[in-house]
Amino acid sequence: PVDILGQKWAILSEIDAAEVFAPTSDLQKNLMAAAAIVALAVMILGLIISRAISEPILRLNEGIKAFGEGDHSRRVMVDSGDEIGTLTRAFNQMMSDQAVQEEERARAEEDRLEHEEQIKARSDALQKLTEQSEVRADEEASLSALASRLQGNLSVEEVSTRALSAIAEFVEAPVGALYVLE
């Protein structure tokens, strides 16, 4: 109160509560809008970052599945220099090494089969030559035995008897007959 000429005066002012709290209410609304915008920005940024991380992993996973199904020619695109990019480059190198090893194995298998065929052909030829040699040796042994039996001064009858016995023995016949016509 103010004392003016012996009278006490006071100024009283009245204001609505809404008017008093309007700046606080505006601040609250602005903060809520800013929080919503920040939350939306964080969600969008999180989505972008998660895609940047997950897409290379998903591509690498597809490459690994293809490898497991037997497609060893597939390569995975590398677009980052981080650990996932390093892992992807290592996977692609492994795929290249695997392809080279498969080619070498295929060539080695072809060479092995070719050598196997050559060995079989040579073994067959050797077997045939061995059989021919055995037949020839048997013939020569029989002729030698016949010649040794026929050596000396023998009559025609003795020669024919010995020859007939040797021939029957050679052909493994139990009985033989020889007719000599003059």
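Predicted model: local features only at pLDDT ≥ 70, side-chain atom pairs only at ≥ 80, totals over all residues.
Residues are numbered from 1 along each chain as its sequence is written, and side-chain values use heavy atoms, without hydrogens or water. Local features need pLDDT of at least 70 and side-chain atom pairs pLDDT 80 or more, whereas totals for chains, interfaces and linings use all residues.

**View 1. Salt bridge between Arg107 and Glu103.** The structure holds seven salt bridges. The term stands for a side-chain nitrogen of Lys or Arg within 4 Å of a carboxyl oxygen of Asp or Glu. Here the closest N and O atoms of Arg107 and Glu103 are 3.9 Å apart. Both residues belong to helix H3, which spans residues 83–150. Helices are DSSP runs (H or I, at least four residues), numbered from the N terminus. Arg107 is partly exposed at 47% relative accessibility. Glu103 is also partly exposed, at 46%. Accessibility classes use a 1.4 Å probe and protein chains only: buried is under 20% relative accessible area, exposed is over 50%, and partly exposed lies in between.

**View 2. Salt bridge between Arg112 and Glu109.** The N to O distance in this pair is 2.6 Å. Arg112 and Glu109 are about one helical turn apart, because they sit three residues from each other in helix H3. Arg112 has 38% relative accessibility and counts as partly exposed. Glu109, with a relative accessible area of 34%, is partly exposed too.

**View 3. Salt bridge between Arg136 and Glu140.** The closest N and O atoms of this pair lie 3.1 Å apart. Arg136 and Glu140 are four residues apart in helix H3, so about one helical turn separates them. Arg136 counts as exposed because its relative accessibility is 53%. Glu140, at 46%, counts as partly exposed.

**View 4. The network of Glu109, Arg112 and Glu116.** Salt bridges with shared partners join these three residues into one network. Side chains of opposite charge can pair when their charged atoms come close.

**View 5. Asn92 and its contacts.** Asn92 lies in helix H3. Its relative accessibility is 12%, so Asn92 counts as buried. Leaving aside residues up to four places away in sequence, Asn92 touches Arg75, Val76 and Val78. A contact here means heavy atoms within 4.5 Å.

Notes
Helix = DSSP H or I, 4+ residues; strand = E, 2+ residues; numbered from the N terminus.
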